[in-house]
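Visitor: I'd like to learn how to read a structure like this one. Can you walk me through it?

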Amino acid sequence: KEYAADTAGSHNNLGILHVSRGNYKEAESAYEEALRIYRELKDEGDPEDSARTAQIRRGMADTMANLGVMYARMNRTEEAVKSYEAALADMKILLGQGDDVQTRFRLVTAASSLGALRNSRREYAQAEEVLLSARTVLAPLVENNPEEYEPRLAQVFYHLFHAARGRQDAEKAREYWEAASEIAFRRRETS
């Protein structure tokens, strides 16, 4: 069944390609096929094989996040929210099983996208909640490699600013705006 995980990954990649070309129906089919294969592998898998289980969970999370991106582009926001939330749930499980830089970054990317989507839906409190969790998950990455991860942190603060502004919390909005601006100015000075 090793080939099946590769096949699922190929379907996920095909979905990404279709989205980039605006072929959403084909992309959705490719993502659904990837998920079908991952679910089958999960059901048939050996629960004792933690590396294999993690690989399958990671593939499912990536595919769900990609579905979220696609649904958001199609303005199918309810489906996008559900897809991002499913991806985040799997990523949090993976993160709980070991501190993995890639998983942290993927989680932050999905959470940032979900936060921006919730802001667009005027769900400001939910946006702020998911974005604050993204900031927490991102903190160790920024500490170890600010050059690489500060731009993502600035983006999270920018979305937090919009969430606080939407909630009409001027003090928090200012705090988030200043944090994003501080990163931007510091990066401009060092480049």
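**Reading the fold**

Guide: Start with the secondary structure: the protein has eight helices and zero strands. Helices (H or I, at least four residues) and strands (E, at least two) are DSSP runs, numbered from the N terminus. Along the sequence the pattern reads α-α-α-α-α-α-α-α. The radius of gyration is 18 Å, close to the 16 Å of the globule rule for 191 residues, so the protein is as compact as a globular protein of that length. That radius is taken over C-alpha atoms, and the rule is 2.2 Å times the number of residues to the power 0.38.

Guide: Two ground rules before we go on. This is a predicted model, where local features need pLDDT of at least 70 and side-chain atom pairs count only at pLDDT 80 or more, while totals for chains, interfaces and linings use all residues. Residues are numbered from 1 along each chain as its sequence is written, and side-chain values use heavy atoms, with hydrogens and water left out.

Visitor: What box do the C-alpha atoms fill, and what share of the residues counts as buried?

Guide: Taken along the principal axes, the box is roughly 55 × 35 × 30 Å. Buried means under 20% relative accessible area, exposed over 50%, and partly exposed in between (1.4 Å probe, protein chains only). Here 43% of the 191 residues count as buried.

Visitor: How do I read the contacts?

Guide: Contact means heavy atoms within 4.5 Å. Among contacts with a separation of 6 or more, 58% come from residues 24 or more positions apart.

Visitor: How do I check the length of a helix?

Guide: The expected span is 1.5 Å times one less than the number of residues. Helix 5 (residues 101-120) has 20 residues and should span 28 Å; its end C-alpha atoms are 29 Å apart, which agrees. Helix 4, with 20 residues, reaches 28 Å from its first C-alpha to its last, close to the 28 Å expected.

Visitor: And which way do the residues of a helix point?

Guide: An α-helix has 3.6 residues a turn, so residues three or four places apart point the same way. With that in mind, look at the buried residues of helix 4, which include Thr 77, Ala 80, Tyr 84, Ala 87, Leu 88, Met 91 and Leu 95. Their cover includes helix 3, helix 5 and helix 6. In helix 5, the buried residues include Leu 107, Ala 111, Leu 114 and Arg 118, and the buried residues there pack against helix 3 (50-73), helix 4 (77-96), helix 6 (124-144) and helix 7 (146-166).

Visitor: Is Ser 83 buried or exposed?

Guide: Ser 83, in helix 4, is buried, with a relative accessible area of 4%. Beyond its neighbours within four places in sequence, Ser 83 touches Met 64, Ala 65, Leu 67, Gly 68 and Tyr 71. Compare Gln 55 in helix 3, which counts as partly exposed at 31% relative accessibility. Gln 55 and Leu 94 sit 39 residues apart in sequence and 9.4 Å apart in space, C-alpha to C-alpha.

Visitor: What about the loops? Which residue has a positive phi although it is not a glycine?

Guide: Asn 75 is one, with a phi of about 65°. Asn 75 lies in the loop between helix 3 and helix 4 and is exposed, at 61% relative accessible area. Gln 168 also has a positive phi of about 65° without being a glycine. Gln 168 is in the loop between helix 7 and helix 8 (170-190), and counts as exposed at 73%.
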